[in-house]
Amino acid sequence: MEKTSTDTLPLTMISSGKQETICIFGTGDFGRSLGLKMLQCGYSIVFGSRNPGMSGLLPSGAEVLSYSEAAQKSDIIILTVHREHYDFLTHLTEGLNGKIMVDVSNNLKINQYPESNAEYLDQLLPGAHVVKAFNTISAWALQSGALDASRQVFVCGNDSKAKQRVMDIVRTLGLTPLDKGSLLAAKEIENYPLQLFPMWKFPFCLAAVLCVFFFFYGAVRDVIYPYVHEKKDSTFRLAVSIPNRVCPITALTLLALVYLPGVIAAILQLYRGTKYRRFPNWLDHWMLCRKQLGLVALGFACLHVLYTLVIPIRYYVRWTMNNRTIAQATTKKENPFITSTAWLSDSYLALGILGFFLFVLLGITSLPSVSNAVNWREFRFVQSKLGFLTLILCTAHTLVYGGRRFLSSSILRWYLPPAYIIALIIPCTLLVVKFILILPCIDKTLTRIRQGWERNPKFL
Amino acid sequence: MEKTSTDTLPLTMISSGKQETICIFGTGDFGRSLGLKMLQCGYSIVFGSRNPGMSGLLPSGAEVLSYSEAAQKSDIIILTVHREHYDFLTHLTEGLNGKIMVDVSNNLKINQYPESNAEYLDQLLPGAHVVKAFNTISAWALQSGALDASRQVFVCGNDSKAKQRVMDIVRTLGLTPLDKGSLLAAKEIENYPLQLFPMWKFPFCLAAVLCVFFFFYGAVRDVIYPYVHEKKDSTFRLAVSIPNRVCPITALTLLALVYLPGVIAAILQLYRGTKYRRFPNWLDHWMLCRKQLGLVALGFACLHVLYTLVIPIRYYVRWTMNNRTIAQATTKKENPFITSTAWLSDSYLALGILGFFLFVLLGITSLPSVSNAVNWREFRFVQSKLGFLTLILCTAHTLVYGGRRFLSSSILRWYLPPAYIIALIIPCTLLVVKFILILPCIDKTLTRIRQGWERNPKFL
Amino acid sequence: MEKTSTDTLPLTMISSGKQETICIFGTGDFGRSLGLKMLQCGYSIVFGSRNPGMSGLLPSGAEVLSYSEAAQKSDIIILTVHREHYDFLTHLTEGLNGKIMVDVSNNLKINQYPESNAEYLDQLLPGAHVVKAFNTISAWALQSGALDASRQVFVCGNDSKAKQRVMDIVRTLGLTPLDKGSLLAAKEIENYPLQLFPMWKFPFCLAAVLCVFFFFYGAVRDVIYPYVHEKKDSTFRLAVSIPNRVCPITALTLLALVYLPGVIAAILQLYRGTKYRRFPNWLDHWMLCRKQLGLVALGFACLHVLYTLVIPIRYYVRWTMNNRTIAQATTKKENPFITSTAWLSDSYLALGILGFFLFVLLGITSLPSVSNAVNWREFRFVQSKLGFLTLILCTAHTLVYGGRRFLSSSILRWYLPPAYIIALIIPCTLLVVKFILILPCIDKTLTRIRQGWERNPKFL
């Protein structure tokens, strides 16, 4: 009886000269593109249509029949109609028993229906083997062959042999099938192509808010203040000088926010004396988008590096230095070399370079192919140890940048401190708390809690 | 009857102490390396040879027998002889019935024969299960363990159980099998190791032509012209100054050429009033190598950034600025600060920085592991929206660079305009046309055409 | 009889409403986390425990029974106890016959036991189907969903149907199973999570030794020597100037060491007249960590680029240039333009830029996802041809940097030559030897040896 199952069919069919017939229900754009592609890959195609006579645009070589006739021609039926029209299938139930029904449908909104389209189809046709596939592929990409983003075809289904056959077809079309398990995964697969960077929304919004705030803060201190007090037009600072303040501040703040939830979680666990109570939702969500926060921070750090390195090419900087030299030459004033200033200037640059270098390393290890190649211990080592080292270096970079000017009151303008002082609040606090948490006595308790120990076991 | 199939064999054999026997036909270099590796991984190896007595170099532990004797020892036979010598197998046909024949052969040229070697073998031995595998692995890499580029073993075959067994062997050897479907894929698999960046040839040649042209153009304007007119030796400009003109121009032109075919395709579709007619071949080919064009452009953009950032370290620049300052100091001439120049200089730098940053982002998202992790909608958003933004920023960067000098006639040398003006022609035209195409009235027609609407349906 | 095998079970169970029951032996942290995750994914969970009454912390919804009772509830048993306690299973042998036993255990040290835990379990329970899985997943990651490094679950086992069922569970939990073949792979899978960058240890240590040596060398020449001879405090050079000597020297030396073993191997093969004798172990090990050596070298090259690009921003550099200009302006001394100096300065920068650019290209092609996408021929082209070109460019960059100062004796301080002269020894020697090796007469012999020819075949 094994012989009649789906298992033995493909061999016979393929070995007798690539004549496997596939049925496509629906003659819309996607159906046509898929049919054409399959014809090119050596399959026979039968289209099932409401009005077989009216379908003029189909790829040549394909047959067009009524639904029930087409269904008889193949044991694999690809369903390229919208979910709202699935009802017509109930009239064909008998003819579809034992067939492999491939659901390729997508919705217009995430979680549009209570159950996924494929599960709905499975309920409509309990006798068929429903497989979800091809929904992440665009018709245009199939036609043009430009399949950069979509070589991966997620496949799921309850019948593993049906799934295997669909995956073989996917491979024959030059695509990469990815087995996602049973039909339970269909909802996730259907939501996938509708997403637009869902994990990046919070980091982007946060970064945008920080940018706008610090941009205006900088504009007030560096453009409006000089204009009010000295009638000096320094609007040109909006192009490079102020962005070069905004970028490092945003980067440092976001980097600190990557490590803040871990510290909050540790405090919460210490306070509760157990790890068996869920964190609040906002903390969970925050912890899950730490990677994205870090990468956005890295983007701002890169911009800061570029903005800094072009400084000596800027007209304003060249003009200023030129004029200072001329003034000194004219007045023959001595300009003594101050070793401590050289130390401050050089160590501020060195800290920044090392911090940025480690930051880029962190970014590279978060590339999917690299993080897949490391184990959990290595990933933790890089992301936690190197990550904190990066934060320490970047914070030190900012502290040394301030240098001796830090506590002089002349740096206040309209009682506003320079933006970098504000930027230092979160990282410095975080580092102090983290330092307390890794003191042996506290670290021991925390490690015990994380290994399952509880202060008040009866609580649960 | 299930018991006698290939399915149950491996279990019995492996569980009774890793004694599975594999037969290798051919005692050449690859056969020996593969045999040695398999011995190390716990397999028993039997070599089949024309002259079993003459094969002295085989790894110790392996048996050497005649072809027909060796074939009896195992149900998996790895064939490591050249396609020209496959004839000898016809004498063994009976002994090979039901065996798994693994074809590892490669050819010397792409598409050397009308059918792939594995399909040819399948025709020779209709009773055997032919599986294509291991052809992408080099003998040297197998021996040395340095398998960086070739951990992936493409496997294809018509019998899924035979394929499964070969894939298990591949995994045991520490390699990664990649199921490519039926034997139809063998041709592609055999061509694969013979390719040398086929998609990159056109972008590289184009970039080379652009580079050489603009290098000579720059040499004429900046080296030969000053020499002829002022007898000034500025040959040193060939090392940094002129490359730093060539790189941005090539990058901008190539970036524009990435987006040009999309615009041409849109115009073609508008003109034809349908999307159901194939584009000309040159356009198809051009569209398929857009990614490579973009990455070559990114390479030139990176070089431009590096060349620009070293400007202040150059002896020539330091000498020029130094002398200008001395001259001003000596003549005590005033050097007023021009806000508009500061604006031009800063915004030109800021536009360049932002454009380059987005360009690098585009490059990162085209890394295989990153582009696999995004869906089609996200990929289109990045490559299309961010791509055009990059092009706009880079074009604006070049326009502002020209600044006020643009229309003064003094910039012509021998009637040759500066190279950056030539470089602006394609991107500016492209952006204007694109701007027209996204006007609501035209965009609506185009969207309808792309959704399947046709102006003259009878045409088809 | 096929009906009673593991093959048909999942379908019935999943299709009747996700009620598949899984048994977990052990109520420790990992067992609880896994149980909770499985409950969330729709499985029924039964815990097996020594004292079913004492287990209060289990996720709600899970049943707790004695080991033997729990085993009867499911045909998949996940064993989350330490290897030392596997003995208790011998009392249950009969009840476990035909069950799928999933071994999730890890050890504390690499190669702690002669055989892997999974193979030990297989010996204890010859009637069960042992599958190794889940050992690379951390309990914390399962709970929090932060599965960056550990989405991959390595699975191995001798029974392919048992393996398939475990892989389906892995997929249902949202993880990616990776079939590693038979139980032979269990040892490797168990060692995997205990590793901390094993291939990187040698390159890192080597780089650290080089860095420390050249740092002190630089400190002696540039800080201690001026202090002793001129009482000048130049300690500030420790922050940027000396690191910017150490980085390029380390990078160039490591890059040369990437290509040195290949050259040594070629000489060894030429000398022995055969390729069929093993290289010494140190050479094998060295060849296997070339990629890591190269990437560490690239890291230092990046640092060198950053350190170089900030030069014009440094206080010391600005002060020096400023003072020189003032001195010249005051004394009204002419400062003639020397074309040869401009040539040296510009070509040194251009060589460095091109070398660094190719170096970064090499680094990008060694990203796992990129190197997987190229074939062996392309990989060799990039790593060998482009690699040597990079080495040539970087060596030339250093040579031109030295420029005319090279042979003047005034550059010696305490008989110590500048560090870059020392750094040039290995690369220059290497390039000369490589140049000799690619001379046609020697290259022909080497190619023949590599194709299997031997000078003294009787030797073997």
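In this predicted model, strand β6 (residues 129-132) and strand β7 (residues 152-157) of chain A pair in the antiparallel sense over two bridges, and within β7(A) the bridge partner of K132(A) is C156(A). Both strands belong to an open sheet of eight strands in chain A, which follow the order β3-β2-β1-β4-β5-β6-β7-β8 with mixed pairing. The edges of this sheet are formed by β3 (63-66) and β8 (176-179) of chain A, each of which pairs on one side only, and neighbouring strands are turned against each other by 30 degrees on average, direction ignored.

| Helix | Strands | Angle |
|---|---|---|
| α2(A), residues 29-40 | β1 (21-25), β2 (44-49), β4 (76-79) | about 160 degrees with β2(A) |
| α5(A), residues 117-124 | β4, β5 (100-103), β6 | about 170 degrees to β6(A) |

Turning to the interface between chain B and chain C, 60 residues of chain B are in contact with 63 residues of chain C, and the two chains bury about 5400 Å² between them, 66% of it on carbon and sulfur atoms. One salt bridge is counted between chain B and chain C, in which the side chains of D346(C) and R314(B) meet at 2.7 Å, N to O, while twelve residue pairs are in polar contact. Several helices of chain B, among them α1 (9-15), α2 (29-40) and α12 (290-309), each supply at least two residues of the side that touches chain C, and α13(B) gives the most, with ten residues. By class, this side of chain B has 33 nonpolar, 16 polar and eleven charged residues.

Definitions and conventions: Residues numbered from 1 in each chain as written. Chains lettered and ligands numbered in written order. Predicted model: local features only at pLDDT ≥ 70, side-chain atom pairs only at ≥ 80, totals over all residues. Heavy atoms only, no water. Pairing = 2+ DSSP bridges. Helix = DSSP H or I, 4+ residues; strand = E, 2+ residues; numbered from the N terminus. Axes fitted to C-alpha atoms, helices over the stretch in contact; angles between N-to-C directions. Contact = heavy atoms within 4.5 Å. Buried area = accessible area lost by both parts, 1.4 Å probe. Salt bridge = Lys/Arg side-chain N within 4 Å of Asp/Glu carboxyl O. Polar contact = N/O pair within 3.5 Å; in protein donor to acceptor, adjacent residues only side chain to side chain. Nonpolar A, V, L, I, M, F, W, Y, C, P; charged D, E, K, R; others polar.
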